[in-house]
Amino acid sequence: MLKKIIKLQNIKQWQHIANGDQSFGHLNLIYGRNGSGKSTLCDIFECINRGDRDGIEALKPIESDGAPFVNVLVDSKQITLTKL
């Protein structure tokens, strides 16, 4: 189960997100305006679930020079792109 988003960087709308104290429970509500990144967040979760590193790298915005970076806490294990 997803516990926490530690850091998302260079992924579409998620240019630099470091989520300090926010954690997820069994049921969560994600809401926001159009274009704020809700579907992108779902895409990130789906790629992590499938172990699809290329899928996450495909979400890199055209205008960014940096590589995508994902660091999330699932159960008690940190998941990054290099560990997918």
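Contact is taken here to mean heavy atoms within 4.5 Å. The structure is a predicted model, in which local features need pLDDT of at least 70 and side-chain atom pairs count only at pLDDT 80 or more, while totals for chains, interfaces and linings use all residues. Residues are numbered from 1 along each chain as its sequence is written, and side-chain values use heavy atoms, with hydrogens and water left out.

With neighbours within four places in sequence left aside, Leu8 is in contact with Trp14, Gln15, His16, Ile17, Leu41, Ile44, Phe69 and Val70. Buried denotes under 20% relative accessible area, exposed over 50%, and partly exposed the range in between (1.4 Å probe, protein chains only). This core has 16 residues, of which Leu8, Ile44, Ile48, Ile56, Val70 and Val72 touch the most other members. Two or more residues are given to the core by each of β1 (2-11), α1 and β3 (69-74); helices (H or I, at least four residues) and strands (E, at least two) are DSSP runs, numbered from the N terminus. In soluble globular proteins, nonpolar side chains tend to be buried together.

Helix α1 spans residues 38-50, 13 residues in total, and reaches 19 Å from its first C-alpha to its last, close to the 18 Å expected at 1.5 Å a residue. The expected span is 1.5 Å times one less than the number of residues in the helix. Thr40, Leu41, Ile44, Cys47 and Ile48 are the buried residues of α1. They cover an arc of only 120° around the axis, which puts them on the same side of α1; the arc is that of the directions from the helix axis to the C-beta atoms. An α-helix has 3.6 residues a turn, so residues three or four places apart point the same way. Exposed residues Ser39, Asn49 and Arg50 are carried on the face of α1 turned away from its buried side. Just after the helix, Gly51 takes a positive phi of about 75°.

Thr40, in helix α1, counts as buried at 5% relative accessibility. Beyond its neighbours within four places in sequence, Thr40 is in contact with Ile11, Lys12, Gln13 and Trp14. Of these, Trp14 is found in strand β2 and is buried, with a relative accessible area of 17%. Residues up to four places away in sequence not being counted, Trp14 touches Leu8, Gln9, Gly37, Thr40, Leu41 and Ile44. Trp14 and Leu27 are 13 residues apart in sequence, and their C-alpha atoms are 22 Å apart in space. Gln13 lies in the loop between β1 and β2 and counts as partly exposed at 37% relative accessibility. Under the same exclusion of residues up to four places away in sequence, Gln13 touches Gly35, Ser36, Gly37 and Thr40. From Gln13 to Ser39 the separation is 26 residues in sequence and 10 Å in space, C-alpha to C-alpha.

A search of the whole structure finds one aromatic pair. Rings of Phe, Tyr and Trp (its six-membered ring) pair if their centres lie within 6.5 Å; planes under 30 degrees apart count as stacked, over 60 as edge-to-face and the rest as tilted. The pair is formed by Phe24 and Phe45 and is edge-to-face, with 6.3 Å centre to centre and 90° between the planes. Phe24 lies in the loop between β2 (14-18) and α1 and Phe45 in helix α1, so the pair ties together parts that are 21 residues apart in sequence. Phe24 counts as buried at 17% relative accessibility, and Phe45 as partly exposed at 24%. Lys7 lies over the face of Phe69, at 5.2 Å from the ring centre; a charge sits over a ring if NZ of Lys or CZ of Arg is within 6 Å of the ring centre and within 35 degrees of the ring normal.

Positive phi values also occur at residues other than glycine. Asn10, in strand β1, has phi near 60° and is buried, with a relative accessible area of 10%. Asp75, in the loop between β3 and β4 (77-80), has a positive phi of about 55° and is partly exposed, with a relative accessible area of 46%.

Note on methods:
A nonpolar core is a set of buried Ala, Val, Leu, Ile, Met, Phe, Trp, Tyr and Cys residues joined through side-chain atoms within 4.5 Å.
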